[in-house]
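Good morning, colleagues. Please have the sequence and the model open while I speak.

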Amino acid sequence: MKSPPSSVMRPSRRRRMTFIVAFSVGLAGLVALGVGAVAWAWLGGALGSRPPGPVPEGMVWIPPGKFRMGDSQGLFPDAEPVHEVELDGFWMDETEVTNAQFARFVEETGYVTVAERAPDPAEFPGAKPELLVPGSIVYLPPKEPTSLDNYLAWWRYVPGANWRHPEGPGSDIKDRMDHPVVHVCWFDAVAYAEWAGKRLPTEAEWEYAARGGLDQKPYVWGEERNPSGRWMANNWQGDFPNTNSALDGYKTTAPVRSFPPNGYGLYDMSGNVWEWCSDWYRPDYYRMSPRKNPQGPDGASSFDPLEPGIPKRVQRGGSFMCADSYCIRYMPAGRGKGEPKSAAWHIGFRCVRSAR
Ligand SMILES: [Ca+2]
């Protein structure tokens, strides 16, 4: 039996066909809308994460976004609670500021670092005159095995120690021009940043950048300390502070870019040298931090329970002195702090630049 021509299709069949056609058209429309929405979202995300202009030399673009800041593993009480932070995009130095870069700044400006100036006796009432000479804090191996709570056994104020002479007179940086500059205090770092047309990162910017797009991973490169048996950062192996076995290849600073970059293409966001941030430090700041572009507490409220009465600025990233038995603050959640005029053998910095 032949099918009837469409013109004579039974009313019930015609309705069914109409419904199928309408349904197909509707579905196609929805799919088109969905694809459009995805494309729009992707385009928006891509545009948001796209650098806003030419890439400044030696910097990488850190796209705007949100992340979970702080420590969720119970390792750092001053990095709790974990809280969401939203940041504008910014440029960040790919590496820590090197001796070569700092030397250019000094050559052009004649800048003299704080460690190269004699301390003001008024700021250190009662200090021995022999200590009121230019110098900085240097690690010296303890003469005998020492406990971890006796830090004076390995830190010394060394007259003549400064960025040009990291271990004091007799040492130099001739073979370390591509290493991070050290013995710079917070004011030195700010002076350099202003000269370079940059600024120090906020603590939130620093941690966001250090995590490299990963969420709450213990290390800036991921989950494991030594993936495939590889050392991923310059810190300390061995019996701190007595022996430094340097399994990672470096006893002190390493040339920048010696270890793999993180997800944003930044080097040494873990270890090598501590990096100054713009924020003042206080241990409970995360309980009150604003969600968007936090700038840290005000200076008058800066507080370090270990040294009450001495306002401090934040340092991040740990250093080549970080041993797992003593200091795991080379992890991205770990926070450090320092008196703004104080420099040391393992403290440097890197800069950022706002997008506009
Ligand atoms: Ca090392």
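Strand β8 is joined to strand β9, residues 335-338, by four bridges, and the two run antiparallel. Strands here are DSSP E runs of at least two residues, helices are H or I runs of at least four, and both are numbered from the N terminus; two strands pair if DSSP finds at least two bridges between them. Within this pairing, R313 stands opposite G338 in β9. R313 is also the bridge partner of W280, and β7, residues 274-280, pairs with β8 in the antiparallel sense over three bridges.

The model is a predicted one: local features need pLDDT of at least 70, side-chain atom pairs count only at pLDDT 80 or more, and totals for chains, interfaces and linings use all residues. Residues are numbered from 1 along each chain as its sequence is written.

Which way do the residues of β8 point? From this strand, residues 313-316, R313 and Q315 point one way, V314 and R316 point the other way, and all are buried, that is, with 20 or more other C-beta atoms within 10 Å of their own, where 12 or fewer would be exposed, anything in between partly exposed, and C-beta atoms are placed from the backbone. In a regular strand, side chains alternate between the two faces of the sheet.

I turn to an open sheet of three strands, in the order β1-β4-β11, with antiparallel pairing. β1 (59-62) and β11 (352-354) stand at the edges with a single partner strand each, so one side of each has no neighbour in the sheet. Four bridges join β1 to β4, residues 90-93, and V60 stands opposite M92 in β4.

Of its 67 residues, M92, V184, A189 and A209 touch the most other members. Elements that each supply at least two residues include β1, β4, α3 (186-195) and β7; the largest share, five residues, comes from α4. Leaving aside residues up to four places away in sequence, A189 touches V184, L200, W276 and F349, contact being C-beta atoms, placed from the backbone, within 7 Å.

Finally, confidence. The chain's mean pLDDT, the predictor's confidence in each residue from 0 to 100, is 89, and 87% of residues reach 70 or more. Over residues 17-47, pLDDT stays under 50, and the model has zero contacts beyond four places in sequence for them.

How values were computed
Two residues are in contact if their C-beta atoms, placed from the backbone, lie within 7 Å. A nonpolar core is a set of buried Ala, Val, Leu, Ile, Met, Phe, Trp, Tyr and Cys residues joined through C-beta atoms within 7 Å.
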